Amino acid sequence: MSTTIYELRGTVALITMDNPPVNGLGFDLRHDIVEGLARAEADANVKAVVLIGSARAFSGGADIREFGSPRASAEPSLNTVIRMLENAGKPVVAGHRRRVHGRRAGTGPGLSLPRRREGRPDRLARSETGADSGAGGTQRLPRLIGAEAALNMIVSGNSVPSEQLKDSGLFDEFFEKDLLLGAIAFADKVASEKRPLKRVRDLKASLANADGFFQFARNTVRAAAKNFPAPLKCVDAVAAAVAMPYEEGARFERESFLQLMQTPQSRALRHAFLGERAAAKIPDVPEDTPLRKVEKMAVVGAGPWAWASR
C-alpha cells in the first residue's frame, strides 16, 4: 500500500505523505517520496512540486522502529531523499500544516530544509532523542536561522512558535489560512517567475566570537546533560556548521550519529519511547473510546513484594 498520494493540481505535482500516525520517514515512505519526485521530474507538464503532510502532521521524523535494522539505511536512505529534494530541477515546496513537536521530530523539519519552504502559524522544532538524525539538520538549520537559535532548538528539543521564526529565513512564505492552496499558489509563482533555486547548503553559517560561544555552550550543556552524550555532540555538530564547509560538517554529523546510535543511552531512550506508546494502546479498543470515571482501584496478585513492602 502506498504511503503517499500523488496528484496533479494544474502544473503542480502534489505529493501528500500518508503514513499514519505521524508520517514517520520509514523505508516505505522514503521510497514513495522518491518515486513521486522522479515522476514529477519526468513529466514535462509539471513545473513545480509541493510536498505536504496529511491532516495530522507534516512528518514526525525518522521511524524510530527501524533504528538499528537494515531498513533504516536501506536505499533510498533519508540522506538520498533529501539530496533528491535539494537537487531537483524544479521548485520543491514543503508545507507544514500542523505543529512538529521538539522531542518527537528529529528529522521531520529536516526534510523541508534543503530548498523552498513555507508554512502557517503553529510550532516547529528540531530535536534529538539520544542521537541527532545524521541527515544534515545540524548543518542546514544554522545556515537558515543562525547558529545560536539553531543550537537552542536542537539541544533543547523545545517547540518554537512559527511566528518567532517568521523573519528568520526558515520560511519563504507564510500563510494564515488554507495551507494547501497557499503552497500550490506559491509553487506556481516560483515556477512562473523562474526564481533561482538556491540550496541551503550553499549558505554561510557565521557567528561572532564563535569559539567563545561554543565553549560556553559546551560548559552549559555538559552540566545539564550529565550522562547523556548526544547534547554535547549536537553542540559540536553546530560548531562544525560554522567552521567547516557543508560536506565536511555533514560528514562529522553523520559519524557522530552512528556513534551515538550504539550508546546504551540511545538504546534506553528508544526502548522507553516505544514502551510509552505501547503502554498507551489497548488491543481492540479504538482511540476515540469515551473514558469512564475511575473512582476506586485495587492491585490483585501483587505477590510477596506487596507483603514485603507493608
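Analyst: Leaving aside residues up to four places away in sequence, F27 touches E66, R71, A74, E75 and P76, where contact means heavy atoms within 4.5 Å. This is a predicted model, in which local features need pLDDT of at least 70 and side-chain atom pairs count only at pLDDT 80 or more, while totals for chains, interfaces and linings use all residues. Residues are numbered from 1 along each chain as its sequence is written, and side-chain values use heavy atoms, with hydrogens and water left out.

S73 is 46 residues from F27 along the chain, and the C-alpha atoms of the two are separated by 8.4 Å. F27 itself belongs to helix α1; helices (H or I, at least four residues) and strands (E, at least two) are DSSP runs numbered from the N terminus.

Helix α1 covers residues 27-42 and, together with β2 and β3, makes a right-handed β-α-β unit. Right-handed here describes a path from the first strand over the helix to the second that runs clockwise when the strands point away from the viewer. Strand β2 (residues 12-17) and β3 pair in the parallel sense over five bridges, pairing being counted when DSSP finds at least two bridges between strands. Within this pair, I15 has L51 in β3 as its bridge partner.

Strand β3 spans residues 48-52, and five of its five residues are buried, that is, under 20% relative accessible area, with over 50% called exposed and values in between partly exposed (1.4 Å probe, protein chains only). From β3, A48, V50 and I52 point one way, whereas V49 and L51 point the other way. L51 has 2% relative accessibility and therefore counts as buried. The C-alpha atoms of L51 and L37 are separated by 9.3 Å, although these residues are 14 apart along the chain.

Strand β3 also has a parallel partner in β4 (residues 92-96), joined to it by four bridges. There, L51 stands opposite A94.

What pairs with β2 in the antiparallel sense? Strand β1 (residues 4-9) does, through six bridges, with E7 opposite L14 in β2. The hairpin of β1 and β2 has two residues between the strands, and G10 takes a positive phi near 70° in this hairpin.

G146 follows α4 and has a positive phi near 95°.

Helix α5 (residues 147-156) and helix α7 (residues 210-225) have axes that come within 12 Å and cross at roughly 15°. The two helices are therefore roughly parallel; that label applies under 35 degrees, with over 145 roughly antiparallel, 65 to 115 roughly perpendicular and the rest oblique. At their meeting, A147, E148, L151 and V155 in α5 face F213, F214, A217 and V221 in α7 as contacts.

For the chain as a whole, the secondary structure comes to eleven helices and eight strands. Buried residues make up 47% of its 310 residues. Among contacts between residues at least 6 apart in sequence, 77% join residues at least 24 apart.

Conventions
Axes are lines fitted to C-alpha atoms, for helices over the stretch in contact, and angles run from 0 to 180 degrees between N-to-C directions.
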